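Start with the helix, then move to the strands.

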Amino acid sequence: MIYQKQDKLIKGLAKYYGQDLFDYLEALEKETDEIHEPLPCTKIKKVYSTELITPNFKGLLMDFVYEMVDDSYIHYEHYSGNLTHGNLTHTGRYDMELHEETGKPINTIIISTGNPNKSETECWIGKVNKYTPIRIIFLKKYPGDQRLKNVKIKIENNKKLTTFDILDLIFIPFLNTTKNSEEIVKEICSYVSKITKITTKQTKILTWGLWLTTEIFIKNPETLEKVRTMSILKGESINEKLHNREIELRQEGKQERRKEGIKEGKQEGIQEEKTNMKNTIKTLENEGKTSDEILKTLKTTF
């Protein structure tokens, strides 16, 4: 159950705030002394649906895929807990299917909330073949206390928050902190009502993120409801804002479906008109009409 909530959090951020999440995770990586293979491209062209299903995919559900501006693909996969050989072979199978489907280079990044010292980082298949993701992000490797302190100082001094600050408020409970994650989440929620400088987009990210992180880390239902109700952001509690955001997303979904329906209707209409025109030309030719007569009939009919 916890895995599903963490998965929903990562997928939601990837879908609605793709480039922001990508840049944030890249910034985390650069703060360490570890040497990482640079990604060939860091600008997203398209965020794919998590249900990237074609006949070749056999119903496999990848976490999320970015098509980059250089036409390569970045495949993110999230795992809760320590990485296992099974996790890696599972991810490798996705990569092979995606490469077979697209014919493009696939660069895979795994996000893990597990212990880096107790996790598998490469997968040997026999004596020769080895599968290794281009990067594995173990969130527990990154210190969260100083990041939380920095955001707190900004909030208390009415400083403008960056998108990275907002994502810190969501991700810090998953990082390495001296306090337990439940206490960290409660502390973060207590800061929310003090935020004065925040954009509409940042409000949406924070609302989505805190709704899920509170559910992941706060076990007592009464405490959970109390924390959410007391977390006021721009005049509304997190509870109220999430409810309103869900209404917005449903409306956006309806509008997208309506647009798709209109587009499909237009295409069907154009195709039908072409078919009718071809049939008319054929009929007129069979009747022995000249080219000028056929053209005149088409102009008056279509």
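Helices (H or I, at least four residues) and strands (E, at least two) are DSSP runs, numbered from the N terminus.

This is a predicted model: local features need pLDDT of at least 70, side-chain atom pairs count only at pLDDT 80 or more, and totals for chains, interfaces and linings use all residues. Residues are numbered from 1 along each chain as its sequence is written, and side-chain values use heavy atoms, without hydrogens and water.

Which residues of helix 3 are buried? They are N87, L88, T91, G92, Y94, D95, E97 and L98. Buried means under 20% relative accessible area (1.4 Å probe, protein chains only). Their cover includes strand 5 (123–125) and strand 6 (129–131). After helix 3 comes G103, with a positive phi near 70 degrees.

Angles run from 0 to 180 degrees between N-to-C directions, with axes fitted to C-alpha atoms, for helices over the stretch in contact (heavy atoms within 4.5 Å).

| Helix | Residues | Angle |
|---|---|---|
| Helix 2 | 18–30 | about 90 degrees to strand 2 |
| Helix 3 | 85–102 | about 155 degrees to strand 3 |

The open sheet has 5 strands in the order 1-2-3-4-7, with mixed pairing. Its edge strands are strand 1 (44–47) and strand 7 (135–138). Strands pair if DSSP finds at least two bridges between them. Strand 2 and strand 3 are antiparallel over 4 bridges. There, F64 has Y76 as its bridge partner in strand 3.

Definitions and conventions. Buried means under 20% relative accessible area, exposed over 50%, partly exposed in between (1.4 Å probe, protein chains only).
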